[in-house]
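Let's take a walk through this model together, with the sequence and coordinates open beside you.

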Amino acid sequence: MWMLSPPSGIFQHTKKLFLSDQAGRAQALEFLRRNVANSISMANLVMGLSSVLCSLNGQYNYACWLVLIGFLLDLADGAVARQLNACSALGAKLDDFADFTSFGLATALLLQAHGILDGLLVIVYVLAVFTRLCFFSSGMPFMYRGLPCPYGASVLAATYLLTGGNLLVMRIIAMVMILFMVDQGFYPHDKVLESQPWKKAVFAGGILMVMFSATYFASLYYLLWSSSYIFFPTALWSHRV
């Protein structure tokens with residue numbers, strides 16, 4: 001009769017396997033939760049590096065589209081990190097490095113420095129982004145000090161596409177964006193994906209524009225979107241649930 005009852009060792013072994021499998025799944029889910037925002041930052045970094053390569057090879061239109069995709073990724077990155085409670089010092093550093101690459105280096109290369117003065121403008125633009133990311137702290141919750149550099153980059157990329165790469169217009173816009181970034185004026189956290197439904201619709205429209213729209217309408221869309229935040233930050237884009 002004893003053979004009809006399974007040995008207790010089998011139960012113990014099965015239990016250990018089950019608990020180990022559960023623990024493994026829990027660890028995997030926790031790893032994904034903690035790193036999904038970092039993965040979005042990495043995607044933004046890849047967009048920035050790809051944009052740099054496109055500019056170095058004279059493919060400025062492609063470089064602009066990659067900057068605009070990085071703009072969308074940057075907005076999504078913060079929202080995902082906050083919603084999953086996965087904010088960390090490493091994630092913040094990675095996000096800043098991705099922003100510097102996409103919205104500093106990659107965007108500055110759109111200015112196409114062909115002389116000393118042009119090169120100086122490129123250097124000043126990159127330094128403005130660097131200063132904005134590293135040294136400006138608002139000290140106030142839900143506020144930025146200085147224009148967030150993704151919006152300046154979006155304006156420049158959209159302007160390039162709309163004007164067919166008119167460098168005089170681009171350089172004037174770049175100087176204006178530099179002034180906004182170093183002005184230290186206060187800008188509200190937009191939190192596009194965590195606020196009113198119309199803001200989420202604007203974000204979704206940005207994705208659709210990149211995927212399906214003609215160059216002119218997509219560029220105009222991003223220019224209006226970014227400009228509305230620059231000139232009407234509190235009236236339109238302050239975070240309200």
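A residue is called buried when its relative accessible area is under 20%, and exposed when that area is over 50%, with partly exposed in between. Keep in mind that this is a predicted model. With that cut-off, Cys64 counts as buried because its relative accessibility is 0%. Cys134 is in no disulfide either, as its nearest cysteine sulfur, that of Cys149, is 10.0 Å away. A search over the whole structure turns up zero disulfides.

Now turn to helix 6, which runs over residues 167-182. Which of its residues are buried? They are Leu167, Met170, Arg171, Ala174, Met177, Ile178 and Met181. Looking down the axis of helix 6, you will find these buried residues within an arc of 120°, so they line one face of the helix. Their cover includes helix 4 (116-134), helix 5 (149-163) and helix 8 (215-231). On the face turned away from the buried side, helix 6 carries the exposed residues Leu168 and Leu179.

Finally, have a look at the ends. Asn166 caps the N-terminal end of helix 6, with a side-chain oxygen 3.1 Å from the backbone nitrogen of Leu168. After helix 6 comes Gln184, with a positive phi near 65°.

Definitions and conventions: Residues are numbered from 1 along each chain as its sequence is written. This is a predicted model: local features need pLDDT of at least 70, side-chain atom pairs count only at pLDDT 80 or more; totals for chains, interfaces and linings use all residues. Side-chain values use heavy atoms; hydrogens and water are left out. Helices (H or I, at least four residues) and strands (E, at least two) are DSSP runs, numbered from the N terminus. The expected span of a helix is 1.5 Å times one less than its number of residues. Buried means under 20% relative accessible area, exposed over 50%, partly exposed in between (1.4 Å probe, protein chains only). The arc is that of the directions from the helix axis to the C-beta atoms. Contact means heavy atoms within 4.5 Å. A polar contact is a pair of N or O atoms within 3.5 Å; within protein, one must be able to donate a hydrogen and the other to accept it, and residues adjacent in sequence count only if both atoms are side-chain atoms. A disulfide is a pair of cysteine sulfur atoms within 2.5 Å.
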